[in-house]
Amino acid sequence: MKNILCLWAFLIVWACESKQSSRSYEEYISNHREETHEFMNNDEDSPFVGADSTVTLNYFPANEKFKVIADIERIENGGQLTLATSDGVPRVYDKHAFLKFKINDQPQELLVLKGEDNGGLFLAFSDLTNDKTTYGGGRYINLNFSDQAEKITLDFNLAYNPYCEYNEVYSCPLPPLENYLKMAIPAGEKLYK
């Protein structure tokens, strides 16, 4: 009987912690989206500067299934890759690393590029939601990791549309062929219109 009571108490604590963890994550995503909303509507660097009405972006509900731990596999002397862009002016990047992970027990990988100008990391991807519920030109995820890092949290709930989705004056690189995921990623930002 004592063992059953201990197990029951453990399950209650575990359920509460799990619910709290999930709630905290949803709050984190909600806060991130509120900050993005504030930026898009009020910042002078917003692609919506001068818009006549309040901008509201569309998102999938937060889903922790699309927050994964990825192994970082660096590319030594991987060369360069030229990406097409929304305005037809190609951009050159260095191949930096592959992120290897699983979603629904399916192995996936994405190529991370490094910009020549500022050396920042660049991750653009496409998936089976493109042209249906998400922007046809793919989405981006901001990330950063040190030269010593072996793993990174890759959160598709933070995926966002490139600015050319909102304003054609922006030039947006399209995802490399290596980053076309053959599955739907219903997480992050949806189509704007």
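Mentor: Glu-109 counts as partly exposed because its relative accessibility is 34% (buried is under 20% relative accessible area, exposed over 50%, partly exposed in between, with a 1.4 Å probe and protein chains only). Keep in mind that this is a predicted model, where local features need pLDDT of at least 70, side-chain atom pairs count only at pLDDT 80 or more, and totals for chains, interfaces and linings use all residues. Residues are numbered from 1 along each chain as its sequence is written, and side-chain values use heavy atoms, with hydrogens and water left out.

Glu-109 pairs with Lys-100 in a salt bridge, with 3.5 Å between the closest N and O atoms; the term means a side-chain nitrogen of Lys or Arg within 4 Å of a carboxyl oxygen of Asp or Glu. Lys-100 is partly exposed too, at 31%.

Now for Asp-127 and Arg-139: their side chains meet at 3.2 Å, N to O. That pair links distant parts of the chain, twelve residues apart: Asp-127 sits in the loop between strands S6 (124-125) and S7 (139-140), and Arg-139 in S7 itself. Strands here are DSSP runs of E, at least two residues, numbered from the N terminus. Both Asp-127 and Arg-139 are buried. Back to Lys-100 and Glu-109: salt bridges with shared partners join them and Glu-73 into one network.

The whole structure has four salt bridges. One of them joins Lys-151 and Asp-71 at 2.4 Å, N to O, reaching across 80 residues from strand S8 (151-155) to strand S1 (67-74). Lys-151 counts as exposed because its relative accessibility is 52%, while Asp-71, at 37%, is partly exposed.

Terms used: Helix = DSSP H or I, 4+ residues; strand = E, 2+ residues; numbered from the N terminus.
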